Structures are given as structure tokens and as C-alpha cells.
Amino acid sequence: MSTMAENVIAAGADNRPPMLEKSQYNSWLSRMLLYMRGKENGKELYDSVINDPFQYGKVKVPATPTTVAYTRDITNEDLTDKEKIREACGIRATNIVLQGLPLDVYTLVNHHTVAKEIWDRVKLLIEGTNCHCKNENQSHTMSLIDPHLRREKQFTHIT
């Protein structure tokens, strides 16, 4: 007789995004994007991570007999239903990406509030820990990496 946990594993539970293993970044990247695309409003989730996030704009208010024309910030009430979904997907995409990060990477990027910024920062961090530098003066990418990660990685110096 099988347990409920075995049944869930066999069925492929889909309640958590894939967890990043630093040595398997490219695999995580593709699995994460597929995970998002498979969710409700998947295209909007994907767009929030890959493209620029939804941004409120400005609206021009025409003149009336008693007021002059002016420009103001768009509010939530001004948004269309599609724009409201896009904004909500940006928040959801941020949560999905953060949930897929191990604690040490999460602590380096959790101050960002936009999914694309987090996504790009993780890419820089992972690529930075895997770089091979010709000399110490050429390790510009390393300035973006937490000192703890810097100690973990041994660099190959080419002379």
C-alpha cells in the first residue's frame, strides 16, 4: 500500500516552483520558465520576468469649463482589467522566483521588488561564481557577489 506522499511524488506535485541548484542554473532557468507558463495567466507571468514590469503611467485630463488641462498619475481605478491582471502577475512572478531560490541566494536579492530585477541579479550571481578570470584586475563581475560566495569559489588564473 502506498502512502499519500508517494502518490503526490508520483503525480508530480505542482505546488512549488523548482528550487535553484547553483551548479544546474540553465536547467533551473528553463524549468522555472515552463513552471510559470503552466500557471494561470502564464504569459503575463513570463513577461513579468523576461520583459520590463508593468508600470503605472500618466494620464492627461482634458480641460473643462471650470478647470485647466493637466497630467496626473494613473491610479488603480484607471486600469483596464487586462492591466490589473498584468500588475498582479508582476507581484506573483516575484513571489515565484523568490520561492525557487536557496536561502543564501534569496538573502542577496530579496530587497528587490520586481521579478525581472531579481531574475537578472540571480543570473549575474550565478554566472559570477562560475567565471574564470585571467587576473584579479579583470574580476568586475565579482563586485556584485556576496563575500561569502566569493570565498566558496576557487578561480583559475590563466597566465
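## Ground rules

Residues are numbered from 1 along each chain as its sequence is written, and side-chain values use heavy atoms, with hydrogens and water left out. Because the model is predicted, local features need pLDDT of at least 70 and side-chain atom pairs count only at pLDDT 80 or more, while totals for chains, interfaces and linings use all residues.

## Overall layout

The protein has seven helices and two strands, taken as DSSP runs numbered from the N terminus (helices: H or I, at least four residues; strands: E, at least two). Read from the N terminus, the order is α-α-α-β-β-α-α-α-α.

Of the 159 residues, 27% are buried (under 20% relative accessible area, with exposed meaning over 50% and partly exposed in between; 1.4 Å probe, protein chains only). The accessible surface comes to about 10,900 Å², and 54% of that belongs to carbon and sulfur atoms (Shrake-Rupley method, 1.4 Å probe). Take the contacts (heavy atoms within 4.5 Å) between residues at least 6 apart in sequence: 49% of them join residues at least 24 apart.

## The core

In soluble globular proteins, nonpolar side chains tend to be buried together. Here, the largest nonpolar core holds 24 residues; such a core is a set of buried Ala, Val, Leu, Ile, Met, Phe, Trp, Tyr and Cys residues joined through side-chain atoms within 4.5 Å. Trp-28, Met-36, Leu-101, Val-109, Trp-119 and Val-122 touch the most other members. Two or more residues each come from α2 (25–37), α3, α4 (81–99), α5 (103–109) and α6 (115–129).

Val-109 makes a handy example: leaving out residues up to four places away in sequence, Val-109 touches Leu-98, Leu-101, Ile-118, Arg-121, Val-122 and Leu-125.

## Ser-48

Ser-48 sits in helix α3 (residues 42–50) and counts as buried because its relative accessibility is 3%. Its side chain makes a polar contact with the side chain of Arg-86 at 3.0 Å (a pair of N or O atoms within 3.5 Å; within protein, one must be able to donate a hydrogen and the other to accept it, and residues adjacent in sequence count only if both atoms are side-chain atoms). The Ser-48 side chain also reaches the backbone nitrogen of Gly-90 at 3.5 Å. Beyond its neighbours within four places in sequence, Ser-48 has contacts including Cys-89, Ala-93, Ala-115 and Lys-116.

## Asp-73

Over in strand β2 (residues 70–73) we find Asp-73, which is partly exposed because its relative accessibility is 46%. The side chains of Asp-73 and Lys-58 make a polar contact at 2.4 Å. Not counting residues up to four places away in sequence, Asp-73 touches Gly-57, Lys-58 and Asp-78. Tyr-56 is 17 residues from Asp-73 in sequence, with 7.3 Å between their C-alpha atoms.
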